[in-house]
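Terms are given with their cut-offs where they come up.

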Amino acid sequence: MSPGCRNRGSRDDADFAIEGSPAEPSDRREGTAMTAERIGFIGLGRMGRPMAMRIHEAGFPLTVYDVAEAALEPFRARGIATAPSPREIADTSEIVFACIPSPEASHSVALGKDGIAEGKAVRVYVECSTIGPDHIAEIAEGLAPTGIAFLDAPISGGVPGAEQGTLSVVVAGPPAMLERVRPAMSAYAANIFHVSERPGPAQIAKLINNMLSTTGTVAAFEGMVFGAKAGLDVEALLDFINVSTGRNVATMQKIPANILTRTFGGNMKIGVKDLGLFVEQAEKHGIKPFIAPRVQEVFKAAIASGYDKETMRIIEFLEERAGGVVVKGKAEA
């Protein structure tokens, strides 16, 4: 375990024993100096791009790939190597990270034609996406005969966290492989938690986190719409909530930054995917969830009303249902 780790569990416990390891700046400097392994990064979207950039800025030799040619241009402009396929990444990089938006794309990148499984150099493959434990199990099974170690390592913290290097990562897989990738991972993550020696349980942890986040966001939006409809100063209401027991990430970050300013953001498809995976996995474990399906209903109703792109525009759907009231800051009035 690298310097600066804090144990929060034991590997002698069940699969879900949690070991936390905040990555301190000293960890990053030492790791960068000690490793000469080339890093590959696949998926340069809203999250992947800043994550890959931080790995580059930390001094690691890096090669990147994305299906969208335009996504490669910022990297080429900085002299960062690009590849024409996942296979090319895996032929030149010992450690490969992937941050991909769908289970199908993750499966194709790992096991499809010209995928990671065909690579000659790759030794550790790190899946940063939220795709559910069943898809992770398929990838793990497909990679097993190749000798490529596999880490299930979904991320949390949003684009700001990726840009600032403060993401949280929950990891399932061989502990020795986590230590091998930790220096590069610490370039984008401030908190790394190990929950299992086999891939899969990290996905469960991430789906729980995402359900809580999404549920809290929808609840906060509904509360703010009610406050605006009742004639409250929404900024004063938010100030009160944020020093009281109702506060959450939505009231403290999303509403001030994205709703009061009417800039919105988020991806409805990802929200729908994650809620669906949560319900699916809960039912597989013999639990009939009550809250998550209600939140799914909100998403479905919003999409049916035309709010099908940005997650945070769900508040516009709720405003419309409330008779056209608008939750916005005084500067936007």
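D274 is buried, at a relative accessible area of 10%; buried stands for under 20% relative accessible area, exposed for over 50% and partly exposed for the range in between, with a 1.4 Å probe and protein chains only. The model is predicted: local features need pLDDT of at least 70 and side-chain atom pairs count only at pLDDT 80 or more, while totals for chains, interfaces and linings use all residues. Residues are numbered from 1 along each chain as its sequence is written, and side-chain values use heavy atoms, with hydrogens and water left out.

D274 belongs to helix α12, residues 268-284; a helix here is a DSSP run of H or I with at least four residues, numbered from the N terminus. Leaving aside residues up to four places away in sequence, D274 touches T130, L207 and N210, where contact means heavy atoms within 4.5 Å. The side chain of D274 also makes polar contacts with the side chains of N210 and K273. A polar contact is a pair of N or O atoms within 3.5 Å; within protein, one must be able to donate a hydrogen and the other to accept it, and residues adjacent in sequence count only if both atoms are side-chain atoms.

| Side-chain pair | Polar contact distance |
|---|---|
| D274 and N210 | 2.8 Å |
| D274 and K273 | 2.6 Å |

How many disulfides does the structure hold? It holds zero, a disulfide being a pair of cysteine sulfur atoms within 2.5 Å. The sulfur of C99 has its closest cysteine sulfur in C128, 5.7 Å away, which is too far for a bond. C99 is buried at 15% relative accessibility, and C128 is buried at 2%.

Definitions and conventions:
Helix = DSSP H or I, 4+ residues; strand = E, 2+ residues; numbered from the N terminus.
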